[in-house]
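Please read the report below beside the sequence and the three-dimensional view.

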Amino acid sequence: MTARSRPPRAGGRTSRLPDRVFRSGSGLFGASVVVILVVLGVQLAVNGDQALSTFGTGFLTGSTWDPVAGIYGALPYIVGTIAAALIAVTLAAPIGILTAIFLAELAPRRLALPLTFAVELLAAIPSVVYGLWGVFVLGPVLHSTVEAWIVDTLGWIPLFAGPTFGIGLFAAGIILAIMILPTIVSISRDVISAVPDSHREAMLALGATRWETVSRAVLPVARSGIAGAVILGLGRALGETMAVTMVIGNGEHIPTSIFSTAQTIASKIATTFNEAQVGLQTSALIALGLVLLVITLTLNVVARFLVWRAAGVSGGGRT
Amino acid sequence: MTILPSRTKALALAATLLLTACGGGGASTTPTVAPGPTSVASTGPTTPVPPSGNVTLTGAGATFPALLYQVWIEKFATAYSNVQIDYQAIGSGGGIKAITQQTVDFGASDAAMKDSEIAALPAGTKILHVPTALGAVVVTYNVKGADGAALDGLQLDGDNIANIFLGHIKTWNDPAIAANNADIAAKLPATPILVVHRSDGSGTTNAFTTYLDTISTEWHASVGAGKEVKWPVGNGAPGNDGVSAGVKQTDGAVGYVELEYASISGLKSAKVKNAAGKFVAGSVDGVTAAADAIVDKFPADFRQAPIINGAGDTTYPIAAYTYILAYVDQTDATKGQTLVAFLYWALTDGQAEEKAIGYAPLPAAIQAKALAELHQFTTGGTPIWPG
């Protein structure tokens, strides 16, 4: 990201009023984004402080969430959030990256355009629709087909053990995978397209096949950008609320199998905040929000860094 | 102490209560205590009516009575076209928060406010609980019987319900369940029991866990009662709809929902053993019977806990009042007058609407108490509806 040089100020000539207004105005709005983020973080910390100071690190490591007894431990939700997001990324990353390669390198133009459009359309479907589809279509189908088959063949591994309900971590992971696919595909495709043609031409001139060109010349250059795309997808999966709430089964325990019901941080907040008692319970939910913010913020910073590095290596345009 | 506003209203009220079948007023043939025409008594207090200008009231809270309030608001607006009332069903806890922060004109809650919640109100204010209706919590189930047909006519006593939700009873053919169901014992399958509970905080959960807390010492010691508890077993689902859907989709599932949702979703619900030892299906009449049985013990501040195991043969054992919450002193005189008029209408004409849409009307004694309570509302220290 090269800093753009300021417009030169000729000696003696002061910048004109519209310039000054424009610069300070846009600077103000630019700063407001940062201010909003900081205020958000501070507010969460202040309002969540009661829970954080009551339980200390026990808030992160405790596995009991009991409003009657006033004990709040976030571990089941942290594990649920990360597990659902990981399942989603495990499924979506290979599909997304291969789709991106196809769209950027292989597909004829008249096929690439509608396909790109279709993938991006996936991002426009409201998450509640995904949730409904998950509950009424995907869940029952999974329950009788995929889940039954996996439990029969791999059930001896605790991670794949039953019982299955149709809804649960696995269903949530699949829904999330579909939801983060557009993010992974479109960013990966942009990163791959940003690889200069000279790389491809050099490989092809040496007599390399399409596969060799893509795997040896294009992907190594685009690698960290694609990693960034996957991490951005992971970030979205971590924070998704509505669809997950509807299909994850809202189990209040640390999941032991990918078919367990579980609860994510976002869905825990969404389902219980309205009825939470003022005081410790509300504070604990806000602290949960802070935990989620820290997790997603960290991931996004890492992703930005990777995407930026990829763009830098390729010498392409700014991202 | 109860002072009814006018003879007309009093008679219409009596007629409504005695003949819940129709909402007709026709009270002219009823013997009157004192002679006189059916006009407003010149000296007595009048029926509260809203002011003539345009008024908008906003309310928010419990989801359970939302349907009832919607019907009331429509009918009230037909009578007084200048009044507009908006009710947002955001949940009981949300209603309490909204009225505490004074962002609405009235709140609504399925559970009476706790002492800690009342302490959180703005300094110098006092809130009134106006009971509007009663609801019941029923235990719904979806079990394919051993003969292949859907199991019907299940009966459960308190111990069995507690042990199912504690996870001690794991299959439907458990001897303890069979002991409650001599008639259908042979049909009880070996299907594992799947408990479905609410994942969100809820007044329904509060009533149901209060029941479990009352009947089971183990539940009392290990779980307790509240809008959200740490469930020993089972899957969570958001809302009455979510629990209904969860039960419907799994063979062997059992859950708990508000009475009206059980009939909407078409799920079967168990007959529950009441204090008199009878198995009673959840019904509007069973709920009113439960409320009737404890009328004498009704607290002066109207904050009645869920009614668990009330006396009487026909009493359904898990019932609870739902309330409208409003500040005693209404800062806006116009709104205050409108609110009192609406509540008066809800407690009189409105009660007749309840049964048809699945709500239990207030027992007569509580209705009278609630009407008397309306006299307490003031604006700037002056009573809105002097009694």
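The paragraphs below describe the two chains, their contact, and selected local features.

**Basis and confidence**

This is a predicted model, in which local features need a pLDDT of at least 70 and side-chain atom pairs count only at pLDDT 80 or more, while totals for chains, interfaces and linings use all residues. Residues are numbered from 1 along each chain as its sequence is written, and chains are lettered from A and ligands numbered from 1 in the order in which they are written.

The model scores ipTM 0.72 and pTM 0.77. The confidence per residue is given as pLDDT, which is the predictor's own estimate and runs from 0 to 100. Chain A averages a pLDDT of 87, with 92% of the residues at 70 or above, and for residues 315–319 of chain A the value stays under 50. In chain B the mean pLDDT is 85, and 88% of its residues reach 70 or more; over residues 1–44 of chain B the pLDDT is below 50, although this stretch has 41 contacts in the model beyond near neighbours in sequence. Where pLDDT is low, the predicted coordinates should not be read in detail.

**Overall make-up of the chains**

Helices (DSSP runs of H or I, at least four residues) and strands (runs of E, at least two) are numbered from the N terminus. A residue is called buried if 20 or more other C-beta atoms lie within 10 Å of its own, exposed if 12 or fewer do, and partly exposed in between, with C-beta atoms placed from the backbone. Two residues are in contact if their C-beta atoms, placed from the backbone, lie within 7 Å.

Read along its sequence, chain A follows the pattern α-α-β-β-α-α-α-α-α-α-α-α-α-α. The C-alpha atoms of chain A fill a box of roughly 70 × 60 × 30 Å along the principal axes.

**Where the chains meet**

The contact between the chains takes 21 residues from chain A and 28 residues from chain B. On the side of chain A, β1 (65–66), α5 (127–144) and α11 (265–272) each supply at least two residues. By class, this side of chain A has 9 nonpolar, 9 polar and 3 charged residues, where Ala, Val, Leu, Ile, Met, Phe, Trp, Tyr, Cys and Pro count as nonpolar, Asp, Glu, Lys and Arg as charged, and the others, Gly among them, as polar.

**Helix packing in chain A**

Two packed helices are described by the angle between their axes and the distance between the axes. The axes of α7 (residues 169–194) and α9 of chain A come within 8 Å and cross at roughly 150 degrees, and α7(A) and α9(A) are therefore roughly antiparallel to each other, a term used for angles over 145 degrees. Residues of α7(A) in this contact include Leu176(A), Ile180(A), Ile184(A) and Ile187(A), and those of α9(A) include Val218(A), Ala222(A), Gly225(A) and Ala229(A). By class, the contact of α7(A) with α9(A) has 13 nonpolar, 5 polar and 1 charged residues.

Helix α9 (residues 210–239) of chain A also packs with α8 (residues 197–205) of chain A, the axes coming within 9 Å and crossing at roughly 150 degrees, which makes α8(A) roughly antiparallel to α9(A). From α8(A), His199(A), Arg200(A), Met203(A) and Leu204(A) meet residues of α9(A) that include Glu212(A), Arg216(A) and Val218(A). This contact of α8(A) with α9(A) has 5 nonpolar, 2 polar and 3 charged residues.

**Local features**

Most residues other than glycine have a negative phi. Asn250(A), which is not a glycine, has a positive phi of about 50 degrees; Asn250(A) is placed in the loop between α10 (242–247) and α11 of chain A, and counts as buried because 32 C-beta neighbours lie inside 10 Å. In chain B, Gln102(B) likewise has a positive phi, of about 60 degrees, and lies in the loop between α3 (92–100) and β3 (106–109). Gln102(B) is partly exposed, with 13 other C-beta atoms within 10 Å.

Helix α9 (residues 239–249) of chain B is mostly covered, with 8 of its 11 residues buried; among them are Asn240(B), Gly242(B), Val243(B) and Gln249(B).

Key
Axes are lines fitted to C-alpha atoms, for helices over the stretch in contact, and angles run from 0 to 180 degrees between N-to-C directions. Angles under 35 degrees count as roughly parallel, over 145 as roughly antiparallel, 65 to 115 as roughly perpendicular and the rest as oblique.
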